[in-house]
Amino acid sequence: MNDSQLDSENAIVFQKHPEKPADVYSLAWLSKACHADTWVEFDWTVDYNFVWGQSGDLKVGAQFKAGQVVPADLVANNQISLTYEDGGFKFGPTSRNPVRGSLFISQGSDVPGYSDPNQGSVGIGMSGAGTFVKPTSPDGGGGVQFTINPVYWVAFGSHEQGEVITTDVLSFPQELKYPDGKFNAECRFTGAGWELSYE
């Protein structure tokens with residue numbers, strides 16, 4: 001709810017990575033125009049997915065567009081491989097990694113890395129949209145591990161869904177802390193900050 005005179009920005013929901021690795025970027029996960037004296041609603045499910053995109057240029061404001069979205073879970077389908085075949089990226093089938101609670105991506109030796117003009121991006125998402133991505137790089141079998149511990153934030157900004165963001169380019173970022181058993185948050189922006197309630 002936008003109970004302020006702020007009228008030219010979107011309401012944005014995003015996630016922050018708990019470990020904040022330097023080469024992992026947060027995306028504007030959900031974004032809708034929210035003018036003064038209006039409200040918008042965001043709905044999602046806690047269903048994870050793997051994503052890749054064709055662009056590896058992940059500076060703030062860059063648009064991530066998924067070329068493939070593959071459903072994942074934290075137990076039986078928590079690992080996937082990314083290859084680069086005939087000029088394009090491609091995920092293989094999902095498999096089970098014995099480490100529960102994380103999502104793993106292995107990148108083949110054919111995957112374009114730094115300084116390659118074909119470098120892309122790869123990462124994870126939730127409810128069908130990307131949340132965190134990083135530039136592609138062949139990993140020699142080591143792989144990338146995303147520890148799963150969603151931390152939800154709300155803010156205002158000019159960014160569309162899928163754009164690379166940081167908290168310093170957003171207006172009034174506020175963490176949402178859902179109490180146990182609560183699944184809905186009402187976020188009222190007053191112009192000076194947020195008033196939050198949960199049910």
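**Reading strands, rings and cysteines**

Guide: Phe50 stands opposite Ile124 in β8. Keep in mind that this is a predicted model: local features need pLDDT of at least 70, side-chain atom pairs count only at pLDDT 80 or more, and totals for chains, interfaces and linings use all residues. Residues are numbered from 1 along each chain as its sequence is written, and side-chain values use heavy atoms, with hydrogens and water left out.

Visitor: How many bridges join β3 to β8?

Guide: Strands pair if DSSP finds at least two bridges between them. Strands themselves are DSSP runs (E, at least two residues), numbered from the N terminus. Here β3 and β8 run antiparallel and are joined by 6 bridges. On β4 (residues 66-72), β3 also pairs in the antiparallel sense, over 6 bridges. Within that pairing, Gln68 of β4 is the bridge partner of Trp52.

Visitor: Is β3 mostly covered or exposed?

Guide: Read the relative accessible area: buried is under 20%, exposed over 50%, partly exposed in between (1.4 Å probe, protein chains only). Strand β3 (residues 48-53) is mostly covered, with 6 of its 6 residues buried. Take the two faces in turn. Tyr48, Phe50 and Trp52 are buried on one side, and Asn49, Val51 and Gly53 are buried on the other.

Visitor: Where is Ser109 placed?

Guide: Ser109 is in the loop between β7 (102-107) and β8 (121-126). Ser109 is exposed, and its relative accessible area is 74%.

Visitor: How many aromatic pairs does the structure hold?

Guide: A ring pair is described by the distance of the centres and the angle of the planes. Rings of Phe, Tyr and Trp (its six-membered ring) pair if their centres lie within 6.5 Å; planes under 30 degrees apart are stacked, over 60 edge-to-face, the rest tilted. The structure holds 13 such pairs. Take Trp29 and Tyr152: their ring centres are 6.1 Å apart and their planes meet at 25°, so this pair is stacked. Trp29 lies in β2 (residues 25-33) and Tyr152 in β11 (residues 152-157), so the pair ties together parts 123 residues apart in sequence. Both Trp29 and Tyr152 are buried. Ring pairs also link Trp29 and Tyr152 with Trp44, Tyr178 and Tyr198 into a cluster.

Visitor: Over which ring does the charged end of Lys16 sit?

Guide: A charge sits over a ring if NZ of Lys or CZ of Arg is within 6 Å of the ring centre and within 35 degrees of the ring normal. For Lys16, the ring is that of Trp153, and the charged end is 4.5 Å from its centre. Lys32 has its charged end over the ring of Phe42, 5.3 Å from the centre.

Visitor: How many disulfides does the count come to?

Guide: A disulfide is a covalent bond between the sulfur atoms of two cysteines. The rule here asks for cysteine sulfur atoms within 2.5 Å. The count comes to 0 disulfides. Cys34 is in none; its nearest cysteine sulfur, that of Cys187, is 10 Å away.

How values were computed. Helices (H or I, at least four residues) and strands (E, at least two) are DSSP runs, numbered from the N terminus.
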